[in-house]
Each structure stands twice: as C-alpha cells, then as structure tokens.
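Please open the model in your viewer and keep the sequence beside it, as this tour goes from the whole chain to a few selections within it.

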Amino acid sequence: MKNTDRLFELTKSEAVLVISEKNRMYFTGFASTFGYLVLMRDNRNIFITDPRYYEMAQSLVQDGVEVMQIPNGSAVTDTLLDVFHQNGLTAVGYEDTELTVKEFAELKHQLSGIKFVPAGNEICRVRSYKTDTEIEYIKKAQSITDAAFTEILNVIKPGLRERDVQIELEYQMAKNGAEGLAFDTIIASGINSSKPHAHPTEKIIELGDPVTMDFGARYHGYCSDMTRTVFVGQPSEELHKIYNIVLLAQKMGINNAYCGMGGKELDSFCREVIKSNGYEKYFVHSTGHSLGIDIHEMPSASPRSTDILSARQFITCEPGIYIPGIGGVRIEDLLLIEEDGITDLTTSEKTIIIL
Ligand SMILES: [Mn+2]
C-alpha cells in the first residue's frame with residue numbers, strides 16, 4: 001500500500017476512513033465514483049464498494065487492499081460499522097479537509113458510537129511525498145506540456161483569438177499523450193496579461209502583445225504545470241524590462257533551491273529580486289506550490305509558508321509582475337526536490353521569445 005506506513009506514523013488513530021474520490025484513488029490506485037476505504041494500522045485495508053465496481057476493483061486495486069461488496073439492499077454504513085466492530089475500532093481518522101459539513105454530520109449520525117479524529121492534514125502530508133511511479137507520471141505530464149509549448153510557438157500570430165491559442169495548446173497536449181488537462185488553461189494577451197488567472201477570451205492577439213500561457217497536462221491522473229509569457233512582435237520597453245526582472249527572479253529562486261530549505265526562503269529569493277527593482281507591489285501571489293493528483297498540493301512557497309521542501313516533493317517556481325493597463329509576465333518551472341539536488345523538469349526556453 002502506498003505510504004500507509006507514513007500515514008500511521010503521523011496519525012495516532014488505529015484506522016483512517018477514506019471517502020473522497022481522489023484520496024480513495026490515491027490509496028487504492030482504483031478510480032471509482034463510490035466507495036469507502038478503511039486503512040488500518042496493522043496494514044489490513046478494506047475497500048467497500050457496490051456491485052457496479054466490485055468485480056473491476058478486485059482486479060485493479062493495489063496489493064494489500066481487500067475488496068468487500070455491500071450486501072444487496074443494505075446501507076454502506078452498516079457494512080462500515082461491521083468492519084469497525086470486527087476490528088475493535090472505536091475511533092477513526094477522517095478527511096476533515098474533504099467532507100462537507102453535511103456529509104460529516106450524516107456520517108457521525110449513521111456511525112454513532114464511533115469517535116472521529118481529523119486526519120485530513122496527515123493525508124495531505126503523506127500525498128506530498130511522491131513514490132517513484134508518481135514521479136514518473138509527473139515527469140511525463142511535464143514533458144507533454146513542454147512538447148505542446150514547442151508546437152504553439154509555430155502557431156501564435158497576430159489576428160488569432162486567445163481562444164484559438166487555447167484550443168491549439170490543448171490539442172497539442174492531447175496529441176502528445178495527455179489524457180486530460182491539469183486545470184483550465186490560462187491564455188492572457190495584451191493588457192489581459194495583468195490578470196494572473198485570466199480566462200481565454202475572444203480578444204484578438206495584436207502586434208506587441210505579451211501572451212501569457214499557464215497550462216498543464218494530466219497523465220495517469222497526475223498533473224503538470226508551466227507558464228511562459230511570449231511576445232508577438234517587439235514588446236514595449238517597460239514590458240521588456242519586466243520580463244527580464246521576472247526571469248532573473250525565477251532563476252534566483254531555482255539556482256538557490258535546495259533540499260531542506262523553507263518554502264518561505266524560496267519565495268524570498270524570488271521576491272527580493274522583484275523588490276529591489278521596485279516592482280514588489282505588482283508581485284501579487286505566492287512563488288510556488290506542489291502538485292500531484294491535485295494541481296495545488298503541499299508544500300507551498302510563500303511569505304507565510306512554514307513548509308520545508310523535502311526529498312520526493314515537487315515545487316513550482318513562478319514569480320510574476322502584473323501592472324493593470326500595461327500587462328504582465330509570469331515564468332513557471334516545475335522542480336523536483338531530491339536529497340542530492342533539485343531537478344528543473346521544465347525544459348522550454350525562458351530567454352525572451354519574440355515571435
Ligand atoms: Mn502553478
């Protein structure tokens with residue numbers, strides 16, 4: 001089972017009940033819309049599901065997971081109570097980070113007598129340390145993303161809409177092996193680029209426009225993430241200057257990154273460069289985040305982060321400067337942290353690109 005030993009090092013509970021789709025998929029390796037997973041300290045793990053998934057689950061769940069079917073006509077919570085009683089469990093960890101208030105209230109009501117202990121943060125922490133297989137999936141997702149960027153440089157030209165660039169970029173990711181998107185693609189051109197998370201519009205790309213593209217692919221359920229700002233024709237002097245400051249800030253972060261550093265420290269390497277050039281108030285977001293099954297996972301790199309960037313974790317490095325009415329620049333690479341160093345998985349060019 002994936003990282004369950006680590007989970008039980010972090011939580012005091014004898015068992016953890018996993019209900020959310022993504023965490024079930026994480027621990028069982030099996031995607032389904034319905035199921036309840038009971039992880040136990042003695043490494044007995046029971047996946048309870050219904051007849052729609054029972055047969056499939058038996059052949060597809062990871063080693064170490066026992067699949068159980070809800071008896072016809074009975075409630076899943078009755079089966080859960082049986083499992084808890086048979087294993088002498090009176091208290092279980094639960095996903096306080098995932099369940100709605102209503103879902104939790106119902107669960108407590110239906111499983112009366114069981115004590116629920118929050119375990120959501122512990123699960124997030126476990127998920128932050130990637131296995132070899134997860135690292136391979138994320139590397140592949142990133143290489144698909146880089147390949148799509150190479151292709152899009154041949155496509156972008158004045159007269160296209162932002163939407164056209166979005167469609168082509170997503171097509172190229174699919175063509176290169178993506179099974180889906182990591183998140184909604186951001187394409188922001190001209191003055192739209194001062195909005196860090198702008199959605200692609202019908203706006204026509206014009207000569208002199210910056211075009212910021214923030215996009216990622218999904219591969220075997222795992223995300224990638226990168227951003228580049230390119231220029232269509234010569235940029236204004238100010239945008240050119242901003243580009244070089246952001247690039248310098250990003251390189252300062254990457255070149256100084258090391259295993260064991262604080263997320264706050266990585267952020268400050270980037271932020272200091274932008275500050276010393278007088279643009280601090282235009283860098284309006286964090287420097288980075290990790291990813292995995294979700295596009296935003298822990299650890300994070302921000303002025304408030306208390307995370308330590310550790311081996312087998314990922315972190316993006318994505319400083320930006322955004323000036324309303326003028327435009328913006330963001331450059332984002334994906335870094336893998338390992339004991340013997342940092343690998344920048346993003347291979348696309350960063351020196352200013354003027355198409
Ligand atoms: Mn990102």
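Among contacts in the protein chain between residues at least 6 apart in sequence, what percentage join residues at least 24 apart? The share is 66%, a value computed, like the others here, from a predicted model.

Of the 355 residues in the protein chain, 42% count as buried.

Next, select residues 237–256, which form helix 9, together with residues 263–276, which form helix 10; the axes of these two helices come within 8 Å and cross at roughly 155 degrees. Because angles over 145 degrees count as roughly antiparallel, helix 9 and helix 10 are roughly antiparallel to each other, and their crossing is right-handed. To see where they meet, show Ile245, Leu248, Ala249, Gln250, Met252, Gly253 and Asn256 in helix 9, and then Leu266, Phe269, Cys270, Val273 and Ile274 in helix 10. By class, this contact of helix 9 with helix 10 has nine nonpolar, three polar and no charged residues.

Now turn to the largest nonpolar core, which has 59 residues, and select Ile321 and Leu335, the members that touch the most other members. Leaving aside residues up to four places away in sequence, Ile321 touches Ile242, Ile245, Val246, Ile274, Tyr279, Tyr282, Phe283, Gly328 and Val329.

Notes
Residues numbered from 1 in each chain as written. Predicted model: local features only at pLDDT ≥ 70, side-chain atom pairs only at ≥ 80, totals over all residues. Axes fitted to C-alpha atoms, helices over the stretch in contact; angles between N-to-C directions. Helix = DSSP H or I, 4+ residues; strand = E, 2+ residues; numbered from the N terminus. Parallel < 35°, antiparallel > 145°, perpendicular 65-115°, else oblique. Left-handed = near helix turned anticlockwise from the far one by under 90°. Contact = placed C-beta atoms within 7 Å. Nonpolar A, V, L, I, M, F, W, Y, C, P; charged D, E, K, R; others polar. Core = buried A, V, L, I, M, F, W, Y, C linked by C-beta atoms within 7 Å. Buried ≥ 20, exposed ≤ 12 C-beta atoms within 10 Å, placed from the backbone.
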